[in-house]
Amino acid sequence: MEIRAFAASVVHSGDLDEKLRPPPRSLTDECPGPATRPTAPGRPNDLRIVDARDARVPPAAGFCDLAQRPRILHALLNHELQAVELFAWALLAFPDAPPDFRRGVLDILREEQAHVRLYRRRLEAYGGQVGDWPVTGYFWNKVDGFATPAHFVCAMSLTFENANLDHTEEYATAARSVGDEETAAVIDRVHDDEVGHVAFGWRWLSAMKAPDETMWDAYRARIAWPLRPALARGRAFDATGRERAGLEPEFIRRLEAAERDAS
Ligand SMILES: [Fe+2]
Ligand SMILES: [Fe+2]
């Protein structure tokens, strides 16, 4: 089977289990093109993307309320599901990207599928089911800006996943504070994988930017409003995670200085 056919099934299938089927190790990449850029994923009826106003999610502090925990886990799962689909999207959109880039995207996709399954287990432990709450399309709504592989990693790896280094720490702390060690361990695992995903974006932006561009300028030039440095971090700031991902000190310093709620 070709990577392209696998990626198309992940994006377009309306069946969750099909989206979560891991890529076979034997996938080939002999016919990666032509490029296609789907603007929305296939979804089961109960996971149709709705307007953000119709899918409000409690903050991490809501973890202390037993009734809110499955809602929070459902929202975290939805972020992971969009990541699965958008890494598959990148395989459809960028057939001419270097083979190592495409293999790296496929490896991340596999980990994102594992994250969905891990959150699904915790959701079910609280009596929830996938599809019990409406879901947003926060990542999908930005695909118009993903013009090149470098734009893609600036948005996915260096903005969304970068911010998730902080969000996961906040949610793990919230889970631990109410004694839910099992959920906290799942979130820790997602955090550790996310370090690798941010590192992937950093490496490829380094390789794809112009030689005389700084990494900060290269990043800023490839994200479009509403994406901005303030959305690449959470309320707390995990400097260590970013060091582990290989980000240079100046980039980390600038991110830390970006006001989370400022434009
Ligand atoms: Fe993930
Ligand atoms: Fe990720």
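Some ground rules. The model is predicted, with local features needing pLDDT of at least 70, side-chain atom pairs counting only at pLDDT 80 or more, and totals for chains, interfaces and linings using all residues. Residues are numbered from 1 along each chain as its sequence is written, chains are lettered from A and ligands numbered from 1 in the order written, and side-chain values use heavy atoms, without hydrogens or water.

Start with the metal. Which residues coordinate the iron ion (ligand 1)? E80 (OE), E112 (OE) and H115 (ND1) do, at 2.0 to 2.3 Å. Donors here are N, O and S atoms within 2.8 Å of the metal (3.2 Å for Na, K and Ca); water is not among the atoms, so sites may look incomplete. Along the chain, the donor spacing is E-x31-E-x2-H. E80 sits in helix α3 and E112 in helix α4, 32 residues apart, so this pair links distant parts of the chain.

Now the helices. These are DSSP runs (H or I, at least four residues; strands are E, at least two), numbered from the N terminus. Axes are lines fitted to C-alpha atoms, for helices over the stretch in contact, with angles from 0 to 180 degrees between N-to-C directions.

Take α5 (residues 149-177) and α6 (residues 181-208). Their axes come within 8 Å and cross at roughly 160 degrees. They are therefore roughly antiparallel. The cut-offs: under 35 degrees is roughly parallel, over 145 roughly antiparallel, 65 to 115 roughly perpendicular, and the rest oblique. The α5 and α6 crossing is left-handed; that is, the near helix is turned anticlockwise from the far one by less than a right angle, whereas clockwise would be right-handed. The contact of α5 with α6 holds 19 nonpolar, 8 polar and 6 charged residues. Nonpolar means Ala, Val, Leu, Ile, Met, Phe, Trp, Tyr, Cys and Pro; charged means Asp, Glu, Lys and Arg; the others, Gly among them, are polar.

Next, α4 and α6. Their axes are 10 Å apart, at about 165 degrees. So α4 and α6 are roughly antiparallel too. Their crossing is left-handed.

Then α1 (residues 3-12) against α3. The angle is about 140 degrees and the axes are 8 Å apart. That makes α1 and α3 oblique to each other. Here again α1 passes α3 in a left-handed crossing.

On to the largest pocket. How much space lies in it? About 1200 Å³. A pocket is an open set of points on a 1 Å grid over the protein atoms alone, where a 1.4 Å probe fits, with protein on both sides within 12 Å along at least five of seven lines; lining residues have an atom within 4 Å of a point. The lining has 48 residues, with V57, H79, T136, Y138 and Y171 nearest the centre. Elements giving two or more residues are α3 (69-93), α4 (99-125), α5 and α6. The largest share, 10 residues, comes from α5. By class, the lining is 25 nonpolar, 11 polar and 12 charged.

Last, the cis peptide bonds. One joins G33 and P34, with omega about -5 degrees. P34 is in the loop between α2 (16-19) and α3. Another joins W225 and P226, with omega about 10 degrees.

Note on methods: Points joined across faces, edges and corners; volume = space filled by probe spheres on them.
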